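Have the sequence open beside the structure as you read.

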Amino acid sequence: MPGHQMTDAFGNDIAQLKALMQVIDEITGHKMPKYEMHEMTSKSTLQALQYLIDDCNALDDGETIDTLNQTRIEIKYLCSIIHDLRERVKEHETEIGRLERLFHRDY
């Protein structure tokens, strides 16, 4: 089943990336940036789409290229929304913590 193989290969890539990040962290003694799952998956997907776009450019299939480019734009936009929402959640959690501290201080 082709879709299943893609998932397995993709899952292995993520596991290998996490393992590599841990090894680098241990060697350097510095924390490596942690990537969100949507960031890792979108990078692989966007790269695969770019390869398809490049292949289609060789064949000059304008409609397919337009569809693939639109897909890339939508993925980037959705990742941006996810990032913004996570930032807002962090801000709200900080504000909730501040309000809870004020409440406990007053009572």
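1. Start with Lys-90, which is partly exposed at 48% relative accessibility. The words work like this: buried means under 20% relative accessible area, exposed means over 50%, and partly exposed is in between, using a 1.4 Å probe and protein chains only. Its partner is Glu-87: the two form a salt bridge, with the closest N and O atoms 3.7 Å apart. Glu-87 is partly exposed too, with a relative accessible area of 32%. A salt bridge here is a side-chain nitrogen of Lys or Arg within 4 Å of a carboxyl oxygen of Asp or Glu.

2. A word on where this comes from. The model is predicted, so local features need pLDDT of at least 70 and side-chain atom pairs count only at pLDDT 80 or more, while totals for chains, interfaces and linings use all residues. Residues are numbered from 1 along each chain as its sequence is written, and side-chain values use heavy atoms, with hydrogens and water left out.

3. How far apart are Glu-87 and Lys-90 in helix α3? They are 3 residues apart, which puts about one helical turn between them. Now look at Glu-95 and Arg-98, whose side chains meet in a salt bridge at 2.6 Å, N to O. This pair also sits in helix α3, 3 residues apart, or about one turn of the helix. Glu-95 is partly exposed at 33% relative accessible area, and Arg-98 is partly exposed at 37%. The count of salt bridges comes to 2.

4. Zoom out to the whole chain. Helices (H or I, at least four residues) and strands (E, at least two) are DSSP runs, numbered from the N terminus. Of the 107 residues, 15% count as buried. The chain exposes about 8900 Å², and carbon and sulfur atoms supply 59% of that; accessible areas come from the Shrake-Rupley method with a 1.4 Å probe, and for residues only the protein chains shown count as cover.

5. Next, follow helix α3 from end to end. It covers residues 62–106, so 45 residues, and its first and last C-alpha atoms are 66 Å apart, close to the 66 Å expected at 1.5 Å a residue. That expected span is 1.5 Å times one less than the number of residues. Which residues of α3 are buried? They are Ile-65, Leu-68, Arg-72, Ile-75, Cys-79 and Gly-97.

6. Some of those names come back in the largest nonpolar core, which has 8 residues: Leu-46, Leu-49, Ile-53, Cys-56, Ile-65, Leu-68, Ile-75 and Cys-79. Helices α2 (37–59) and α3 each supply at least two residues of this core. A nonpolar core is a set of buried Ala, Val, Leu, Ile, Met, Phe, Trp, Tyr and Cys residues joined through side-chain atoms within 4.5 Å.

7. Not counting residues up to four places away in sequence, Ile-53 touches Ile-65, Leu-68, Asn-69 and Arg-72, where contact means heavy atoms within 4.5 Å. Ile-53 and Leu-68 are 15 residues apart in sequence and 6.5 Å apart in space, C-alpha to C-alpha. With neighbours within four places left aside, Leu-68 is in contact with Leu-49, Leu-52, Ile-53 and Cys-56.

8. Leaving out residues up to four places away in sequence, Ser-42 touches Ile-75 and Cys-79.

9. Finally, the surface. Tyr-77, Leu-78, Ile-81 and Leu-85 form a nonpolar patch with about 400 Å² of accessible area together. Patches are made of residues with over 30% relative accessible area and no salt bridge; like charges are joined within 9 Å, and nonpolar side chains (Val, Leu, Ile, Met, Phe, Trp, Tyr) within 5 Å. Leu-85 lies in helix α3 and is partly exposed, at 45%. Is Ile-73 buried or exposed? Ile-73 counts as exposed, with 51% relative accessibility.
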